[in-house]
Amino acid sequence: MFTTVAFAQSVDSAAVADPILAVLDQHVRVSGDDIFVPELNKLFAAMAGVETTTESFARLVSPSLRGLGRLQIEPFNTAAAAAVEPGSPPAVMDISEAPLDLTPQESLNFEINSNPAAAQIQWCVVWLSDGPIVPVVGKIFSVIATGATTLVAIAATAIGWTNVPLAFDEDLPRGRYQVVGMRARSAGMVAARLVTVGGRWRPGVPGCDAQADLDHWRFRFGNAGVFAEFEDVDTPSVDCLSISADTAEDFVFDLIQVRAGPA
């Protein structure tokens, strides 16, 4: 199992190492720049977005990581004199076969060193798991769902994920389903994460802004294992993180039916 947390802020770090605000969260403890590592303490992937008018740097920092060295993230997603969005495909540091151990309840921080002429939206998305990622195989099929929620754009002060209720393009047959991949798209989408009824964790994916954008292979078609399970009568919602106040969201879910018929 895995979950997704993030840091995001509109900021000019003025060519010094500057911590970025943690995105407010309902399922892990957050305070200011700190995300406190939950029970899922294996860092298996990270995706950063940093402005690059001048040469810039991005790193994750925690007490346990300092025992090895601050975790430098490169390549990262970039923009010059503009808010940063994920690339196509997004630049993701994927260490899922041998994730790094963090200490539960220690503080995790994201620091950047950039120097735009004016404050720009910059961010980092972090994926945490309970161990190495194990792909899953099965009869995978994909369905479409849409949202019509106004997303809260990343700003200079505290920002949270925006929860989006879903309308599926077609009714699923009665049964139970595993989500084994996901794609999330809106005009300014940075990342999105799945919220299931009664679910503890919020597994997520990089975002994109165009149908032609390429996905990172890890997050589709079973390559990240099982995100979550749900009954057809309890469809999930999605938390979204965006650089803009989008009003239309599109999602693709890769599913495996694990039981046909009602429970």
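**Salt bridges across the chain**

D250 sits in strand β21 (residues 249-260) and R185 in strand β16 (residues 175-185), 65 residues apart. Strands here are DSSP runs of E, at least two residues; helices are runs of H or I, at least four, and both are numbered from the N terminus.

A word on the source. This is a predicted model: local features need pLDDT of at least 70, side-chain atom pairs count only at pLDDT 80 or more, and totals for chains, interfaces and linings use all residues. Residues are numbered from 1 along each chain as its sequence is written, and side-chain values use heavy atoms, without hydrogens and water.

Now the whole chain. It has one helix and 21 strands. The salt bridge count comes to 15.

Next pair: R59 and E111, with the closest N and O atoms 2.7 Å apart. R59 lies in strand β6 and E111 in strand β11, so the pair ties together parts 52 residues apart in sequence.

R202 is in the loop between β17 and β18, while D239 is in strand β20. Buried or exposed, what is D239? Buried, at 2% relative accessibility. Buried means under 20% relative accessible area, exposed over 50%, partly exposed in between, using a 1.4 Å probe and protein chains only. R202 is buried too, at 15%. Shared partners join D25, R193, R202 and D239 into one network of salt bridges.

Technical notes. A salt bridge is a side-chain nitrogen of Lys or Arg within 4 Å of a carboxyl oxygen of Asp or Glu.
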